[in-house]
Amino acid sequence: MFLKKETVPIRFKILKKDTAEIKFVIKFYDQDYVEFNTDTITLQGQELSFDFNVVPVTKNLNIAFPTKIFTNKIPAKEGILLFKYYDDKGFPQTMSINGADSAYINRMTELFAKIKSGNTENIQGIYGSMVQDIAKLNEFEVNHIYKIIIHTKGGIEVTEDFN
């Protein structure tokens, strides 16, 4: 498998946050940390959440597909689907990496198609994972840049990006 131990498929910067809404810039990256898409989004609410589908590929190797963004005012089922930002003719561009062979490309494309369609019952071990901001903790601050780190051993975290 071509994946790195840690990847950063998403970075975001909070532009505005008040009692009514949150506005942020979101950027998407491939496995080589090359930015390939960006958008500015405004959502009702104050607590931003990112939802992922995590697929165990081997015993100690998990991959994660960003699926939705929602808030405390927008339920997950009504959240913004993220697939459109990284769907490259059926291949999940967040999984793109230099040197990938056709088996890797075909496997990622197959998994991505199932996840996009919601046809995940045949994906062994798949589970959802969410990272979020909690207003009481005031984690995501205006004008700060954050990155979402996917650990292939399992786990997803958000940390401030000081680069």
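1. A quick definition before anything else: a residue counts as buried under 20% relative accessible area, as exposed over 50%, and as partly exposed in between. Lysine 16, with a relative accessible area of 34%, is therefore partly exposed. Keep in mind throughout that this is a predicted model.

2. Now the overall layout. The protein chain has two helices and 11 strands, and along the sequence they follow the pattern β-β-β-β-β-β-α-β-β-α-β-β-β. The radius of gyration is 15 Å, close to the 15 Å that the globule rule gives for 163 residues, so the chain is as compact as a globular protein of that length. Along the principal axes, the C-alpha atoms fill a box of roughly 45 × 35 × 30 Å.

3. If you take contacts between residues at least 6 apart in sequence, 56% of them join residues at least 24 apart.

4. The sheet deserves a look. Five strands make up an open sheet in the order S3-S2-S1-S10-S11, with antiparallel pairing. S3 and strand S11 (156–160) sit at the edges with a single partner strand each, so one side of each has no neighbour in the sheet. From one strand to the next, the twist averages 25°. As a reminder, strands of a sheet pair through backbone hydrogen bonds, either parallel or antiparallel.

5. Zoom in on the S2 and S3 pair. Strand S2 (residues 21–29) and strand S3 (residues 35–44) run antiparallel and are joined by nine bridges.

6. What does glutamate 21 do with its side chain? Its side chain meets that of lysine 16 in a salt bridge, at 2.9 Å from N to O. Which of these two partners is buried, and which is partly exposed? Glutamate 21 is buried, with a relative accessible area of 19%, whereas lysine 16 is partly exposed at 34%. Note that 19% falls under the 20% cut-off, so glutamate 21 gets the buried label.

7. The structure holds seven salt bridges. In general, side chains of opposite charge can pair when their charged atoms come close. One of the salt bridges joins the side chains of lysine 116 and aspartate 87, at 2.6 Å from N to O. This pair links distant parts of the chain, with lysine 116 in helix H2 (residues 102–117) and aspartate 87 in strand S7 (residues 87–88), 29 residues apart. Lysine 116 is partly exposed, with a relative accessible area of 31%, and aspartate 87 also counts as partly exposed at 31%.

8. Lysine 114 pairs with glutamate 110, and their closest N and O atoms are 3.5 Å apart. Why are these two separated by about one helical turn? Because they are four residues apart in helix H2. Glutamate 110 counts as partly exposed at 37% relative accessibility, and lysine 114 is partly exposed at 23%. Elsewhere, salt bridges that share partners join Lys16, Asp18 and Glu21 into one network.

Note on methods. Residues numbered from 1 in each chain as written. Predicted model: local features only at pLDDT ≥ 70, side-chain atom pairs only at ≥ 80, totals over all residues. Heavy atoms only, no water. Pairing = 2+ DSSP bridges. Salt bridge = Lys/Arg side-chain N within 4 Å of Asp/Glu carboxyl O. Buried < 20%, exposed > 50% of the residue type's maximum accessible area, 1.4 Å probe, protein only. Axes fitted to C-alpha atoms, helices over the stretch in contact; angles between N-to-C directions. Rg over C-alpha atoms; globule rule 2.2 N^0.38 Å. Contact = heavy atoms within 4.5 Å.
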